[in-house]
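I opened my notebook beside the model.

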Amino acid sequence: MHGTVPASNDKPSIINGLSVDVEDWFQVGAFENSIRRGDWDGIKTRVAGNIDRILDLFAEADVKATFFTLGWVAERHPAMIRWIVDAGHEIASHGYDHARVFTFDRAQFAEDIRKARAILEDASGQRVTGYRAPSFSIDARTPWAFEELAEQGYAYSSSVAPIVHDHYGWREAPRFAFRPVADADLVEIPVTTAMFGNRRLAAGGGGFFRVLPYAFSRWAIRQVNTNEGRPAVFYFHPWEVDPDQPRVPNAPLRSRLRHYTGLDKMAGKLGELVREFSWGRMDRIARNEAARAIVWSGEKAQLDTAA
């Protein structure tokens, strides 16, 4: 299981960030008003089987990735965490149970990321240095979240979507790496956007990748790599490679369309993506980008000449 083959020699030279947000099908934001957290333990999980498929896909393409994992999932699937680590991938935090950051005050957020990190480090045997907010929920309402991440010693975050979206987004945020706390080493690596004229387009994966033609993602990543000389940051979820997952008939139609559209084509598109471009773990991207991160706290931006 999870063997490797040589990577293609004609891939672009820029290493892009490949990431998986590890949550199960019933834990997504689209169903948060249809499936209660209190019922989760009574639902059959499918995440381990989907992770197994993803690890095989990554091994075939000889790529490494970061798995931003819920503490809730790691508690119940410690062996799965070892599969990921043993294959050379990074384990990072996705919080404990997918509660969005803006639903916390700072003390609650501090406890959530502390709890999740302890579980993940115990399961993986490795230091956890990266964090991604559920549903990219660090935004203008939660500037204290970056301060707390820095205080707890995280090296990087990938929690900002610099777009306008009905579920998330911080339109004013920089598109590329920035330091959100001026006197700290913490680096934020936003999920990828592409420019169409003066308009920012979401281009970092998830539902957009499933619904839109693959040619759009190719165009967007090439724009970021070639025109701007920066790495793209791509994400998806284990349930997105699982077209046979249970359906939630009582969920709103819009939520069902968002969640189920394109599941049958996702694995094939992912295979094309990981073969066409060069990919690496997010901790590697954060180290590479730290030297040219700007300082931005929501009010101003400047080059970080100290890095």
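Which residues does glutamine 245 touch, not counting residues up to four places away in sequence? I listed Trp25, Arg46, Trp239, His259, Tyr260 and Leu263; contact means heavy atoms within 4.5 Å.

Ground rules next. I am reading a predicted model, where local features need pLDDT of at least 70, side-chain atom pairs count only at pLDDT 80 or more, and totals for chains, interfaces and linings use all residues. Residues are numbered from 1 along each chain as its sequence is written, and side-chain values use heavy atoms, with hydrogens and water left out.

I placed glutamine 245 in the loop between β10 (233-236) and α8 (253-260); helices (H or I, at least four residues) and strands (E, at least two) are DSSP runs, numbered from the N terminus. Glutamine 245 counts as buried because its relative accessibility is 2%; buried means under 20% relative accessible area (1.4 Å probe, protein chains only). Its side chain reaches the backbone oxygen of tryptophan 239 at 2.8 Å. The glutamine 245 side chain also reaches the backbone oxygen of aspartate 242, at 2.9 Å.

Then I looked up the largest nonpolar core: buried Ala, Val, Leu, Ile, Met, Phe, Trp, Tyr and Cys residues joined through side-chain atoms within 4.5 Å. I found 74 residues there, with Phe58 and Phe67 touching the most other members. Helix α1 (residues 47-61) gives the most to this core, eight residues. Apart from it lies another core of 12 residues, including Ile285 and Ala286.

Terms used: Buried means under 20% relative accessible area, exposed over 50%, partly exposed in between (1.4 Å probe, protein chains only). A polar contact is a pair of N or O atoms within 3.5 Å; within protein, one must be able to donate a hydrogen and the other to accept it, and residues adjacent in sequence count only if both atoms are side-chain atoms.
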